Structures are given as C-alpha cells and as structure tokens.
Amino acid sequence: MLLLGVAKGKRVRLQQAARASLGLPAAQVLDWGDWLAQPQRLPDLLQQASPALLKIDSPGEDSAVQQHLLSLGAQLLHKPVPAPVAHGQLMAHDCWFAGFAECLKQVQAQTAAHPVALCNAVPDILLMTDKLACQQHLQAQGLPVPPLLGQIESGDALLAQMRAQSCSQVFVKIRYGSSACGVLALRSAGGKLAASSSADWQHSGAGPMLFNSKRIRHYRDARQIMQIVDWLCAQQAYAEVWLPKPSAPGGHFDLRVLCLQGQARHVVARLSRQAMTNLHLDSQRRSAAEVLAAPHEQALRCFAGRAAQAFPHSRVIGFDIIQRGVRSCLLEANAFGDLLPGLLHAGHDPYQDQALHWEAAA
C-alpha cells in the first residue's frame with residue numbers, strides 16, 4: 001500500500017499505527033510536499049514498489065502545501081497570488097480548489113500507466129470536494145438532500161431568493177470548504193437577521209477577515225451578517241435550506257456514516273445544541289443505538305450503502321446524514337471522512353478496518 005499524504009500528520013500516523021496493531025507492515029508514504037517538489041517520485045515509487053493500492057489522503061495538515069495549492073490555483077485562474085495565509089484564515093478557496101484539482105489530475109495521469117488501484121478515484125475526490133456539485137450529483141441520483149438555493153452572488157440576492165421561496169432559514173456554505181469551514185447558519189424572522197458560524201469575523205488594517213474557530217460565534221447585527229455573506233460569496237458560496245435535526249437528550253444530532261467498499265461500517269451520532277454538529281466543534285459523540293431505534297439504524301445503514309453507489313469508484317466515503325425515523329436526508333459526502341479516532345465497528349477502528357479489507361483483497 002502507498003499513501004500520498006502528510007507524512008507527519010495525524011491521518012498517516014493513525015493509519016500506520018492501525019497496521020502495526022494488526023501485525024501488518026507499514027504502508028509506504030509519499031509526502032505531499034515531497035511530491036510537489038519532485039513529481040517524478042510517484043512514478044518512480046510505482047515502478048519500484050509496485051503497490052497494489054494507492055490512497056490519496058488530504059493535504060490539509062501541511063500549511064506549506066496549502067499555500068502551494070493556493071498559489072498554483074491563482075496562477076491557473078489568472079488571479080493575484082495570495083499572500084501567505086495566517087493560521088486558520090479563510091480565503092481564496094476557489095484558488096485552492098483549482099490548485100488541488102490540477103495536482104490530482106497530474107497524480108491520475110501518473111498512475112494511469114501502472115497496475116495500481118486507487119482507493120478513491122480522482123474524479124470522485126474532486127466531486128466530493130466541490131460541495132455544490134456533489135449535492136447536485138446526489139440529487140440527480142435520486143438521493144434526498146436539503147433543498148438547494150444554488151450558488152449565491154451576494155447577501156441581498158440571498159435574502160431576495162429566501163423571500164421568493166418563503167424560506168426563513170438557510171445554511172450558507174463555501175463551495176470548496178470542509179469541516180464546517182466558513183459555514184453560516186442564517187435565520188430571517190420579522191425583518192431581523194440572526195446567524196451563527198464557526199467563522200470568526202475580525203478587522204485589521206487590511207480590512208475584515210474570517211478565521212476558523214473551534215467556538216461557535218453568534219451574530220445579531222444585520223449589517224455585519226450581510227458583510228459576512230458577501231465575503232463568503234466572494235469565495236464562491238452556495239445556500240441550502242436549513243433542515244431541523246432530530247432531538248435527543250442534550251441537543252439535536254446528525255450522523256456520520258463511514259462506508260467501506262460500498263457498505264456502511266462505522267457510525268457515530270454527533271450531538272450538539274449548536275447549529276453545526278461537527279465533532280471538532282465540541283459536539284458530543286453518541287452511538288447510533290443511543291439515538292436511533294434498531295429499525296431506524298438499519299434504515300440508515302441501507303441508505304448510506306445506497307448513497308455509496310453514487311461514487312462507484314471510491315472505496316472509503318464519509319456521509320453526514322439526518323435520520324428521522326426511517327427517512328434519511330444526505331447532508332454531505334466526504335472523500336476524506338475516515339478521520340474518526342477510537343470509533344469502533346466489530347472491534348476495529350476505521351483504519352484497522354480498512355487495513356484488514358486491503359489485505360483480504362490482496
């Protein structure tokens with residue numbers, strides 16, 4: 001097995017630890033930064049090691065790689081190259097995605113001449129990273145998703161569209177974001193606006209900036225909220241109807257379901273009193289059995305397996321799902337959704353489960 005990932009990052013560390021715990025040899029690792037510096041290293045490794053499987057992992061833990069992708073994407077889009085991004089700063093997501101897509105297409109070309117299987121195919125990774133295109137794809141596959149308002153150009157345009165559709169609450173999301181990055185939960189009632197977000201709105205000499213935060217911020221000033229929406233629109237943002245999530249003692253919840261080889265495996269309920277339930281935002285973990293009756297959990301697993309069929313060339317997918325009774329609604333698909341430390345299924349964490357599958361397939 002060969003991993004293209006951040007060699008010193010948590011994801012690679014957990015995967016290697018999982019293999020060691022099972023008595024399996026370590027996977028070979030090609031660091032994202034090393035590949036960017038010397039792209040020929042990948043064909044050389046494929047030629048020398050002849051791995052059966054290549055897993056492309058997220059580059060997100062390496063700030064230098066992220067800056068490289070931003071700069072590359074800016075050049076491709078004929079935009080000014082962004083200055084070095086401060087830790088947690090949100091900016092130029094369209095440039096980042098353009099750079100990421102260009103690199104993945106190069107990886108795809110390099111692997112084409114070798115008998116190596118990709119854990120997740122490049123087109124699927126890119127589709128799942130483009131959140132708006134992904135939701136449209138899932139909708140076209142007949143899978144229920146929150147009603148989409150589509151890409152938005154400004155705060156004023158969003159409010160006009162909400163009025164036209166008699167919609168009082170929406171999520172505004174950066175098209176190429178992840179992990180609740182820049183997500184804004186917006187309510188309009190009685191002519192007043194209220195919003196909450198994991199984005200922290202700060203002012204500096206260079207003007208307003210947004211930063212990722214692990215604490216949810218609440219905004220009540222309409223002018224400030226509209227400024228934030230306009231800023232998100234400049235990053236390419238879209239909106240979808242904010243669906244209420246089912247309740248459980250301690251808050252409301254959705255579920256992350258990890259599918260492996262098209263089958264639902266690890267499931268965790270994410271419980272919070274906030275609009276965003278991502279685990280890194282201090283949401284509580286609950287087992288599916290704590291929040292769902294057994295028939296409803298079975299319906300959830302069947303639905304996730306059906307959703308995985310929308311990406312037939314991907315082996316590992318994380319889905320975020322609202323489950324209300326036997327009815328499911330798909331919030332997001334994530335090509336890098338297996339970072340769930342300590343979550344067990346049949347006694348194995350997600351990376352142990354994958355390692356066992358890969359070995360059995362080999």
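**Figure 1. Pairing of strands β3 and β5 in the predicted model.** In this predicted model, strand β3, formed by residues 53-56, runs parallel to β5 and is joined to β5 by 2 bridges. Within this pairing, Leu53 stands opposite Ala117 of β5. Both strands belong to an open sheet of 4 strands, ordered β2-β1-β3-β5 and paired in parallel fashion. The edges of the sheet are β2 (28-31) and β5 (117-118), each of which pairs on one side only.

**Figure 2. Strand β1 and its two neighbours.** Strand β1 pairs with β3 in the parallel sense over 3 bridges, and the bridge partner of Leu2 in β3 is Leu54. With β2, strand β1 also pairs in the parallel sense, here over 4 bridges; Val29 of β2 is the bridge partner of Leu3. In a regular strand, side chains alternate between the two faces of the sheet. Both faces of β1 are covered: Leu2 and Leu4 are buried on one side, and Leu3 and Gly5 are buried on the other.

Figure 3. Helix α5, comprising residues 93-111, lies across β1, β3 and β5. Relative to β3, helix α5 runs at about 175°.

**Figure 4. Crossing of helices α8 and α9.** The axes of helix α8 (residues 155-164) and helix α9 (residues 222-234) come within 8 Å and cross at roughly 100°. Helix α8 is therefore roughly perpendicular to α9, since angles of 65 to 115 degrees fall in that class. On the α8 side, the contact is made by Gly155, Asp156, Leu158 and Leu159. The residues of α9 that make the contact are Met226, Val229 and Asp230.

**Figure 5. Helix α12 and its surroundings.** Helix α12 spans residues 350-361; at 1.5 Å a residue, its 12 residues should span 16 Å, which agrees with the 17 Å between its end C-alpha atoms. At the start of α12, a side-chain oxygen of Asp349 reaches to within 3.0 Å of the backbone nitrogen of Tyr351. The buried residues of the helix are Pro350, Tyr351, Gln352, Asp353, Gln354, Ala355 and Trp358. These buried residues pack against helix α1 (10-21) and against the strands β3, β13 (251-260), β14 (263-272) and β16 (316-324).

Key: Residues numbered from 1 in each chain as written. Predicted model: local features only at pLDDT ≥ 70, side-chain atom pairs only at ≥ 80, totals over all residues. Heavy atoms only, no water. Pairing = 2+ DSSP bridges. Contact = heavy atoms within 4.5 Å. Axes fitted to C-alpha atoms, helices over the stretch in contact; angles between N-to-C directions. Expected span 1.5 Å × (residues − 1). Buried < 20%, exposed > 50% of the residue type's maximum accessible area, 1.4 Å probe, protein only. Polar contact = N/O pair within 3.5 Å; in protein donor to acceptor, adjacent residues only side chain to side chain. Parallel < 35°, antiparallel > 145°, perpendicular 65-115°, else oblique.
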